[in-house]
Structures are given as C-alpha cells and as structure tokens.
Amino acid sequence: MTSVADRSTASTTTDPGAQLAAETVARLRAVHRTGRTLPLEWRKRQLEGIIRLVTERESELAEALASDLGRTPHETWFGDIASTVGEAEYALKHLKKWMKPTRTGVPLALMPGKASYRYEPLGTVLVIGPWNYPFYLTLGPLIGAVAAGNCCVVKPSEHAPAASAALARLIPEYLDSEAIAVLEGDAAITQQIIDQKMDLVFFTGGTEIGRKIAEACAPHLTPVVLELGGKSPVIVTKNADLGVAARRISFGKLLNSGQTCVAPDYLLVEKSVREEFAAELKKAMSDMRAGAPEKQRIVNDRQFQRLTGLLTGLKPETGGNADPASIAIEPTVVLNPDRTAPVMQGEIFGPILPIIDVDSLDHAIAIINEGEKPLAAYIFSKSKAEIERLFSEVPCGGAVANHIAMHVLAPQLPFGGVGYSGMGAYHGKWGYEAFSHRKATLKMPTKPDLKLMYPPYSERDQKILRKLA
C-alpha cells in the first residue's frame, strides 16, 4: 500500500479502480440514507444469511482454503466455519437487547430530565480481511457491521485468491447486495476505497500494513479498528502440567501452519523443567502430525522465503527442513536463540517455535515487558498466584491460563490488541459497539422553567446555581 504522500492524484474518470470505488461507496451511502439497514429485521436477516452462507457452502469454502492454504476440510470447519456461526448466533440472540436505549441518571441541575444513550450505525464502513483465516476474520467483523445497521464494503485479501473469489461470489447470494458490496483487488483498491472517506475502516493483518492503513485514514479523520499481531509469548513454569502444556501449545502452533495471529510465538520455560518439557513438546508435535505430511504448507513463496530466512544460522532441536517446490516447512523448535536474532524480533507467523530458558516467573515477565505489547500472552501453571501475576503484570490484548487462543472463540469476551498489536476490539457486543456511535439523548420538560437559570443573575441566583451544580 502506498503512503499518503505517494498516492496518485489521478481522477476517478481516468482510474477505473477509483471510479469503481467511488461509485460503489456512493451507492451504499444512498441506500443507508433511506434507512433500509436500520430495522431489527433487516439486521437479523443479514446475520442469518451469514450463517447460511458458511453452512450451506462449507464444501466450497473448504475447497478454497485447500487451494490457498493447504487446509483440510476439518481445519476449515474448526478455524473458519464453526467460529463464524458461533459469532453470528450470539449476535442474533442478543441484538434486540443491544439496540434498546439505556437509561441513565442526571445531576440535580437537570432534573426532572430523562437521559439515555443509544447506539446508531456509523454509516458506510470498510472491512479489510486477511489471508490466514479469510472467512472467519472477514465475516466476523461483517457480523458486527451489519448487526449495528451499517452498509459495508468488504475487501478480501488478494493473498488468498480462491477465498476472495468465493466471498465475492457468495456474499451477494446470501446478503443484501444493495447494502453490502465486495470489491476485490490489491492495495491500490484498498487505498481508493479509503479515499471515499469511509465512516470506519476495520483492518485485520500485520503491524506494518496496519500502520499504513492508519496513515491513509488520517487525512479524512476516518476512525480505524486495527486487529494486528505481535510476538505472543507463552510462560511455562515449574508448576505446570507439562504434558497438557505441550499438547495445547503444539495444537495452537501447528494450527494453520502457525499462521495465526494468536499462535504461540515463543516459549519462556523455567530451566528446572525445560528438558522434560521439550521432550513432551517433541512427542506432542509428532503425535499431532501422525498421518499428515512432514512439512506444513505456507501461504505463498514470499512468506516461505521470509520464514526460511529466520532459520538461517540456527540449529533446530527438531524439524527445520523446508521444500521450496511445495512452499512447505517442517514444524521446527529452536532452543535459546540469541534474543537479537531475526527469529526473536518480529512476529514469526509460521511453524517455528523458539524456546527460551528463564530462571523464574520474574525473569519471564521482565523479558515480555521489554518488548512491544503482544496480542496475547499465555501461562501454563497450576498456581493461582502465578496466573494472576501474568494477568495483572503483562500488558497485552488478552491473556489465557492453561490453554492457547481459546479466548478468541468466546463472543462474551472482547478481542483486540493494544499498542503495536492493535487498537479497538470486537466480538459479541464489542463488535456491535465498534461499528456504532454511542449517542447521548436528553429529554427536558418545558415546565418548570425556572427564571434563575437565565441572566441577569442576582447574587441569590448565583448561590443557588452553585449549590445545584
């Protein structure tokens, strides 16, 4: 994506992409002005349409993900279908309540006024999906957008072309095509849509592109929700159930070839149990890969080259083999890489897992807090005190004890990052709120209409008003 300064000044009459973006957004804005998307029933129909889309066309979605990411049908169901259905069903169940105005009190000076706040849709919004879970992480934000009553442009990731084509084909079949549009393309079309002064841009992806999205939105004062990533750490203390920790960490890391924003990025293991834990981890990885190809597929050659570059100069404890022909990498564990090494700098986003020895929980927390705030932080321990320390002392998007990534599946919890791992949150009511404006409303009666409220103010009036304030 180009920077704001480098952006082309070509008019919409000479740039077909810009013209398409302008016409699409103008059409959606016109629809929104009619009030079409405001009724509860319209919103519910869209949520029901999303559920039908992913359930009725599951086989087509699975074929797309097999093509783009090498996923199995079960991985498609687990990673993209079930999670989307759960999110939409939760919104359907609670939407009527979310839409009701909420009464609040008023100060003495405003009595007997009646105050409340309500959520109104922002208008016409943009959802930019990622390639790693191209259905769940595109339709999930769309659930929040339509639940809140918005018109929406959906821009799928061009790095998952089969999934992008599936969304472009299926969304108009199942959702209101007059209020929801899909525009495919690369960074140029994203910029052209943003230039239409959207009412909100919701982006899921990497930190560097997220920074460019925010930069592109800034001239228009367009609000953004950025769901980014980061190096999500896992602490394994001497009080952990090492077998459970190894299995759950393996599961979280091997899912989607490690291409998951909340996957374990690196492990901080107490030295006294590291050798035993490493043996359990090796066994768990081997057991979970039984019957599967030795190497895991990576999304494209650029990401493959980046990941193999991270392994340069390292001596893996397990794995480490890569096949350029199939753009696949064997799940790899590396022990105590230098903390200045490339593998310890940016988010790995692949099947490579460093283990760092630590002396204590204090040492582990200090290492985490030296870096940027992660999207997720995990701890495996049977000690309530140790768990509470991670929860209270490590700033992060979300924290989980004794499992990996499960907080993402709970629509009752907000999901989002902090600092370099993102801004804003969604899922459940937080998704509804992310795409809404919280509007204050105040009803004042015409009587009584006290004269002391108006100038000129006598000394007595001023004393009374000060007491009322």
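This is a predicted model: local features need pLDDT of at least 70, side-chain atom pairs count only at pLDDT 80 or more; totals for chains, interfaces and linings use all residues.
Figure 1. The charged side chains number 53 positive and 52 negative. The centres of the positive set and the negative set are 10 Å apart.

**Figure 2. Overall dimensions of the protein chain.** Along the principal axes, the C-alpha atoms occupy a box of roughly 80 × 55 × 45 Å. The radius of gyration is 25 Å, which agrees with the value near 23 Å that a compact globule of 469 residues would have.

**Figure 3. Secondary structure and packing of the protein chain.** The chain contains 15 helices and 19 strands. Of its 469 residues, 50% are buried. Counting contacts between residues at least 6 apart in sequence, 72% link residues that are at least 24 apart.

Figure 4. The relative accessible area of Ala284 is 5%; because a residue under 20% counts as buried, Ala284 is classed as buried.

**Figure 5. Contacts of Ala284.** With neighbours within four places in sequence left aside, Ala284 touches Ala246, Arg247 and Ser250. These contacts are counted between heavy atoms within 4.5 Å.

**Figure 6. Ala284 and Gly210.** Ala284 and Gly210 are 74 residues apart along the chain. The distance between their C-alpha atoms is 35 Å.

Note on methods
Residues are numbered from 1 along each chain as its sequence is written. Side-chain values use heavy atoms; hydrogens and water are left out. Helices (H or I, at least four residues) and strands (E, at least two) are DSSP runs, numbered from the N terminus. The radius of gyration is taken over C-alpha atoms; the globule rule is 2.2 Å times the number of residues to the power 0.38. Buried means under 20% relative accessible area, exposed over 50%, partly exposed in between (1.4 Å probe, protein chains only). Lys and Arg count as positive and Asp and Glu as negative; His and the chain ends are not counted. The place of a charge is taken as NZ of Lys, CZ of Arg, CG of Asp or CD of Glu.
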